[in-house]
Amino acid sequence: MPAPSQKALIRRPGPRLADGLVTHVERTPVDPERALTQWEAYVAALRGHGWETVEVGAADDCPDAVFVEDAVVMYRNVALITRPGAASRRGETAGVEEAVVRLGCSVNRVREPGTLDGGDVLKVGDTIYVGRGGRTNADGVAQLRAVFEPLGARIVAVPVSKVLHLKSAVTALPDGTVVGHEPMVDVPSLFPRFLPVPEEAGAHVVLLGGGKLLIAASAPRTAELYSDLGLEPVLVDIGEFEKLEGCVTCLSVRLRELHS
């Protein structure tokens with residue numbers, strides 16, 4: 001059986017970061033030096049809460065490669081290497097595949113014509129919500145279903161039209177409650193327990209363990225809400241990445257069930 005693990009894949013921002021894709025926001029200038037400082041603080045926050053970080057090899061020709069979550073979906077000890085919906089991002093996956101192979105993961109790959117971005121995948125226990133939208137197509141959803149359903153996962157496809165990825169709209173608290181900024185969520189009723197939050201960035205949390213949540217510093221009111229619920233927000237400034245539609249979830253891949 002898989003043993004609990006606390007490893008996180010990360011990837012350093014490359015020299016072309018400022019050229020990253022934007023689809024639902026206006027382009028604004030990105031400061032690469034400030035972005036690197038913010039990324040280092042994000043990594044330090046993971047490490048400071050017990051996570052062992054595994055740095056994926058550079059992909060300097062891919063401006064969006066720092067958003068490492070989009071290149072792979074993990075379920076238990078199985079890795080599904082994605083086929084990103086943006087063709088310019090497909091060079092990002094080889095280095096991520098090398099990293100998960102080194103960690104002993106079983107590897108599957110999304111094949112053409114399927115497209116799937118890891119940011120479109122939200123796991124809540126054994127339920128896997130998959131955002132069907134601009135970056136993930138129906139064939140990608142079907143391929144994910146074929147890989148993970150035999151392992152005991154329940155796959156639920158949900159529409160995504162207002163944001164880049166499903167996890168740009170929703171993530172989940174430790175008790176499984178799905179949280180989201182309601183104007184960005186297509187159909188909140190698809191989630192059995194849904195808690196609206198007051199800020200878009202507040203919808204993005206990384207579960208650090210022990211009731212601690214990594215959350216962007218741009219969501220102070222939501223952080224206060226989480227504190228009122230008995231959780232402990234850990235705030236990080238990721239403002240340069242938010243200019244590229246990035247959030248705290250997409251800067252790492254958390255591997256919680258590797259074989260020991």
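How do the residues of the lining of the largest pocket divide into nonpolar, polar and charged?

Tutor: The residues of that lining divide into 15 nonpolar, 6 polar and 9 charged, where Ala, Val, Leu, Ile, Met, Phe, Trp, Tyr, Cys and Pro count as nonpolar, Asp, Glu, Lys and Arg as charged, and the others, Gly among them, as polar. The model is predicted: local features need pLDDT of at least 70 and side-chain atom pairs count only at pLDDT 80 or more, while totals for chains, interfaces and linings use all residues. Residues are numbered from 1 along each chain as its sequence is written, and side-chain values use heavy atoms, with hydrogens and water left out.

The largest pocket has a volume of about 730 Å³ and is lined by 30 residues. On a 1 Å grid over the protein atoms alone, a pocket is an open set of points with protein on both sides within 12 Å along at least five of seven lines, a cavity is a set of points where a 1.4 Å probe fits but cannot get out, and lining residues have an atom within 4 Å of a point. Grid points are joined across faces, edges and corners, and a volume is the space filled by probe spheres set on the points. Nearest the centre of the largest pocket lie Lys123, Val124, Leu207, Arg254 and Arg256. At least two lining residues come from each of β3, β6 (121-124), β9 (170-172), β12 (206-209) and β15 (253-255); strands (E, at least two residues) and helices (H or I, at least four) are DSSP runs, numbered from the N terminus.

Arg254 belongs to strand β15. Arg254 counts as buried because its relative accessible area is 13%, buried meaning under 20%, exposed over 50% and partly exposed in between, with a 1.4 Å probe and protein chains only. The Arg254 side chain reaches two backbone oxygens, that of Thr249 at 2.8 Å and that of Ser252 at 2.4 Å. Such polar contacts are pairs of N or O atoms within 3.5 Å; within protein, one must be able to donate a hydrogen and the other to accept it, and residues adjacent in sequence count only if both atoms are side-chain atoms. Not counting residues up to four places away in sequence, Arg254 touches Lys7, Ala8, Tyr42, Trp51, Glu69, Lys167, Val206 and Thr249, contact meaning heavy atoms within 4.5 Å.

Strand β3, which also contributes to the pocket lining, contains Val72. Val72 is buried, with a relative accessible area of 3%. Beyond its neighbours within four places in sequence, Val72 is in contact with Leu9, Ala79, Leu80, Ile81, Thr82, Val96, Gly118 and Val253. The C-alpha atoms of Val72 and Gly118 are 5.6 Å apart, although 46 residues separate them along the chain.

Asp70 lies in the loop between β2 (52-55) and β3 (72-75). Asp70 is likewise buried, at a relative accessible area of 3%, and its contacts, not counting residues up to four places away in sequence, are Thr82, Arg89, Leu116, Asp117, Gly118, Gly119 and His165.

The structure holds 2 cavities of 30 Å³ or more. The largest cavity has a volume of about 140 Å³; of its 18 lining residues, Asp70, Arg89, Leu164, His165 and Glu245 lie nearest its centre. By class, this lining has 6 nonpolar, 5 polar and 7 charged residues. The second largest cavity, of about 50 Å³, has a lining of 9 nonpolar, no polar and 1 charged residues. Among the residues that line this cavity are Val158, Met184, Asp186 and Phe191.

Glu245 also lies among the residues nearest the centre of the second largest pocket, together with Val25, Glu200, His204 and Glu242. That pocket contains about 280 Å³ of space, and its 15 lining residues divide into 6 nonpolar, 5 polar and 4 charged.

The buried residues of helix α2 (residues 93-102) are Thr93, Gly95, Val96, Glu97, Ala99 and Val100, and they pack against β1 (7-10), β3, β4 and β5. In helix α3 (residues 138-148), the buried residues are Gly140, Val141, Gln143, Leu144, Val147 and Phe148. Seen down the axis of α3, these fall within an arc of 165 degrees, so they line one face of the helix; the arc is that of the directions from the helix axis to the C-beta atoms. The buried residues of α3 pack against β3, β4 (78-81), β5 (106-109), β6, β7 (127-132) and β8 (154-159).
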